[in-house]
Amino acid sequence: MSTLEAMKEANRYLFEEAIHAHLDGQAAKVRHLAALALKEEASDIKISIEFNELAWAFVLLIYWLLKEYDYSNVLRPAWWAFGRKQRGQESDSLFDGPIAQKQEEYWITLVNFLMDVIGLQTENFEKDIELLLEGIPEEFFSQNLDQLQLELLSLTLNFTLECVYTISPNLSNKETEPRETEPKWCLLYHKWNSSLSREKKLQNIHSSFEKTFRRLQIQGLFLIGEQKFLTIVPSKNIEKFWQAFYKQNTEEMGQLRDELVREAQKDEEKFYSIQGLLNIQRFVNINSGKQFEDQFYGVYRIQRLMMEHPQWIFPKLREIEFYDTLEKIRGQLEKEQSINETDQNYLLRLTILMKIEALRNWDLAIYLTSLKMQSRASLFWVHWPTPVNNVESELSKGICCAVKSLSLDKKESQYYQEVEKAVSWLEILPKGKEAIYDIVETLLESVQPIETDSAIQIFSMLTDSIPTQLLNRVLKFTVESCKHQTIPLYWLDDIIRWYGLKEEDWKLIFELVTPMFDLVQRYFHDSKNVSMMKQALMKSPIEIAKIWGKSIIGVVDEDCLGILYNAAIGCVDRTELKDFALQLVDNLEKHYGTKAETEYNRSLLQNLGIKKGPIDKQNLYRTEFLSKLLKYSEEISQRTAESTRYSSNLFFYDKSCCIDWSSLYPQEWEQISLKIGQAIKNSFIYDYEFSDLLMAWTVILRQQNQERINNSAFLLLEYLELKNQLSLESEIKNPSDSAKIFAVTNLLPGISLDVAKKIMSWLEEQIPCTEDMHLPLMWKAMLKIYIRTNTHEICLAALNAIKAIYARIATNTKILTKGMMCFYSVLNKQHKQSKDGIFLLAEKKPDIILQILDKSLDFLYKSPNADGRRQCALILSLFKKVGWINEQRKIWLESLEKDVRARVSNVFLKDA
């Protein structure tokens with residue numbers, strides 16, 4: 001026997017054993033035998049059997065692929081070696097493999113396509129599919145094949161069709177044909193099926209192929225919403241269950257449940273998939289708030305059946321491999337180690353094969369798992385400090401799969417944060433604008449009822465980066481979705497705030513937001529919803545605002561006054577809102593009888609004219625307010641460890657700002673200093689009480705004469721030192737530190753130099769131990785002191801503090817963004833000199849400040865944080881006022897003017 005004959009006989013033996021193992025579901029044995037055949041073939045480049053006789057090893061190993069070793073160390077080297085033998089020369093590319101020319105090479109075409117699929121060679125897919133469509137030799141289907149070879153042919157054709165469907169379900173044929181608008185997988189089916197139907201010996205394959213096609217048709221109806229060619233209606237219970245699930249028809253799912261249980265009792269092989277469906281039904285019922293008791297326990301039965309049917313455990317093994325690799329990558333990233341791109345490709349390979357297997361077995365639970373796996377694999381690059389080139393497509397897939405997998409229900413999860421980060425990265429990538437458009441359009445066209453909540457989660461991440469051309473469709477989609485379920489709408493705040501909405505847009509927003517105004521007591525306690533309702537009142541057409549205003553005054557809730565008041569002062573032509581607020585004050589007085597408080601609120605509103613301007617302070621109720629302030633302070637000062645009395649916060653700081661304190665009698669001033677001082681020094685004071693009282697006391701103090709301010713400054717320092725330092729000692733984010741910064745910033749320009757130096761020295765000592773969250777406020781304080789103080793020593797100390805704080809926050813995107821926000825508030829604010837802060841800064845010749853701002857701009861202008869980019873745009877718009885635009889700043893300006901976020905690009909529209 002020759003060497004070649006021996007090789008063929010050995011290959012035939014491996015083939016027969018592998019096919020039998022495949023039919024028994026023994027994945028490990030199949031993988032071992034296929035790998036053995038490929039390694040043997042790849043090891044000898046001089047003698048080779050025909051590829052037709054070796055194709056089984058490629059197909060089966062791809063079908064049962066589990067580990068990256070299967071691909072990288074077996075499949076790819078064998079494919080490369082085969083191409084080298086065929087061509088007789090080195091191949092330029094690992095995937096520059098053989099292409100079918102004649103009928104005997106059609107196996108090569110099939111394997112080439114499958115290798116491109118698991119090799120993720122997306123650029124080759126369309127060409128590969130065209131070859132499969134055009135290069136079918138009739139002789140390929142008329143070969144003399146034994147039973148095992150027929151099994152291999154059936155497996156290959158069905159598997160290939162499933163791959164075409166999975167990688168490009170909507171890839172239409174570009175050529176003019178009778179079926180020119182059909183997806184490529186449909187065209188491939190018709191091509192092959194016509195050949196199979198003509199051969200009697202292939203009738204079993206023909207029947208199996210028709211079943212696969214019918215299944216893909218029905219699944220396409222559920223999964224991608226393809227209506228044009230999918231005329232078949234579900235007939236089997238498991239198909240009907242999938243349809244009911246995607247339509248979110250829980251009633252029909254309940255009706256199908258008992259029938260599926262009976263089917264599983266008759267046919268145990270259906271049990272695994274049916275049990276997954278029942279678990280999914282439980283998920284749907286829990287999310288819809290319905291009670292659901294599952295009497296069909298299946299845990300132990302599943303374990304037993306997995307032992308009897310080894311292929312059932314294979315998806316679980318793939319899932320374990322996936323998440324083990326993901327954890328390995330995360331560990332490497334935490335250690336700042338370099339990551340091999342092979343790991344990401346391995347994750348994507350597993351997800352493609354998992355999805356195909358899940359659809360093949362009608363396993364909805366595994367299918368949703370595979371979508372989440374695909375999403376996480378595509379979002380791989382969000383782990384990197386900066387995204388690499390050409391990742392827009394993968395990030396887009398990851399975001400869309402996150403919707404399809406129904407996995408965006410836990411905002412605190414790491415996965416949710418990865419999706420959110422991917423959305424942020426897309427905004428600054430070269431083709432990000434086009435990618436965002438495609439994502440929104442894809443979701444609007446393909447999302448099924450069960451997926452609407454997840455889709456709106458993505459819209460809430462995008463907010464003002466939703467393309468204006470699609471905004472109306474997004475609003476219509478949201479309106480339709482809200483008819484079936486309650487969906488959080490706080491993300492509309494950004495839509496209302498940053499977009500120039502048209503009349504048709506407002507009609508949709510009216511339909512969405514009106515129920516919230518009708519139930520304002522329920523929604524008012526959520527700060528995000530309050531912000532959205534205030535913006536809606538300020539910016540909606542006045543006819544709509546009136547309807548919402550009437551809804552609010554019908555609710556007797558003291559807190560509701562704030563939303564009307566804030567909307568009234570935020571827009572000069574909303575006098576009707578002031579009238580509604582006055583009616584609400586009258587209603588509150590009737591129900592609660594709080595005369596002093598309602599009179600105070602009424603006086604604020606009555607002094608609010610058509611145009612915004614100073615409130616008449618002489619008509620306010622200073623005496624009543626002062627009485628409450630002193631009583632409140634005394635209650636706190638007398639509090640002990642055993643005391644259970646809890647004083648309600650009256651927001652003294654907010655109200656003290658509207659009162660004229662310049663004419664206090666000496667006795668009144670002494671009472672204020674004494675009572676507030678005793679309260680603040682009490683160790684049992686709550687943090688928010690300390691903050692409110694200290695800030696109110698500061699407001700009163702800064703309106704006093706120079707002598708009172710100087711005398712009280714030492715007392716202020718004593719209060720601050722009693723609280724030890726600005727650093728927080730627990731995880732509770734207390735507001736007291738902000739109050740301290742507020743106090744010293746507002747008093748420093750008005751006190752004597754000696755006291756000012758002492759306070760500045762104290763502030764400088766606090767910088768190293770101040771929590772990051774308080775540094776932006778401290779930064780703002782120092783810039784304000786630098787601008788408003790003419791004393792050289794104080795200016796120098798403030799400048800040194802600014803540099804020290806910047807050194808701490810320079811690479812922290814979130815904190816630096818807040819710092820720039822604080823800087824902008826100072827630079828854009830008008831002072832007594834009737835000049836913006838930017839002009840006051842310009843008079844200081846601030847080279848060091850400009851260097852710090854430039855470094856901050858360079859760090860943030862391409863930040864994934866949209867608020868950071870907005871602050872850059874705002875700072876640069878101020879620079880234009882004073883002629884500070886050099887070449888580098890011009891580059892930043894041009895980039896920000898093209899930003900996809902409306903909040904960023906609108907800065908320049910308003911500026912123009």
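This is a predicted model: local features need pLDDT of at least 70, side-chain atom pairs count only at pLDDT 80 or more; totals for chains, interfaces and linings use all residues.

**Exercise 1.** Describe the make-up of the chain: how many helices and strands does it have?

*Solution.* Start with the count: the chain has 44 helices and zero strands. Next, look at burial: 55% of its 912 residues count as buried. Finally, take the contacts between residues at least 6 apart in sequence: 70% of these join residues at least 24 apart.

**Exercise 2.** Decide whether C186 and C795 are buried or exposed.

*Solution.* Recall that buried means under 20% relative accessible area. C186 has a value of 1%, so this residue is buried. C795 is at 10%, so it counts as buried too. As for disulfides, a search of the whole structure finds zero.

**Exercise 3.** Work out how helix α37 and helix α38 are arranged: parallel or antiparallel?

*Solution.* Two packed helices are described by the angle and the distance between their axes.

1. Find the helices: α37 covers residues 775–788 and α38 covers residues 792–809.
2. Read the geometry: their axes come within 9 Å and cross at roughly 155°.
3. Compare with the cut-off: angles over 145 degrees count as roughly antiparallel, so α37 is roughly antiparallel to α38.
4. Look at who touches: the contact includes W779 and Y786 of α37, and C795 and R808 of α38.
5. Sort the contact residues: 16 are nonpolar, none is polar and one is charged.

Notes. Residues are numbered from 1 along each chain as its sequence is written. Side-chain values use heavy atoms; hydrogens and water are left out. A disulfide is a pair of cysteine sulfur atoms within 2.5 Å. Buried means under 20% relative accessible area, exposed over 50%, partly exposed in between (1.4 Å probe, protein chains only). Axes are lines fitted to C-alpha atoms, for helices over the stretch in contact, and angles run from 0 to 180 degrees between N-to-C directions. Helices (H or I, at least four residues) and strands (E, at least two) are DSSP runs, numbered from the N terminus. Angles under 35 degrees count as roughly parallel, over 145 as roughly antiparallel, 65 to 115 as roughly perpendicular and the rest as oblique. Contact means heavy atoms within 4.5 Å. Ala, Val, Leu, Ile, Met, Phe, Trp, Tyr, Cys and Pro count as nonpolar, Asp, Glu, Lys and Arg as charged, and the others, Gly among them, as polar.
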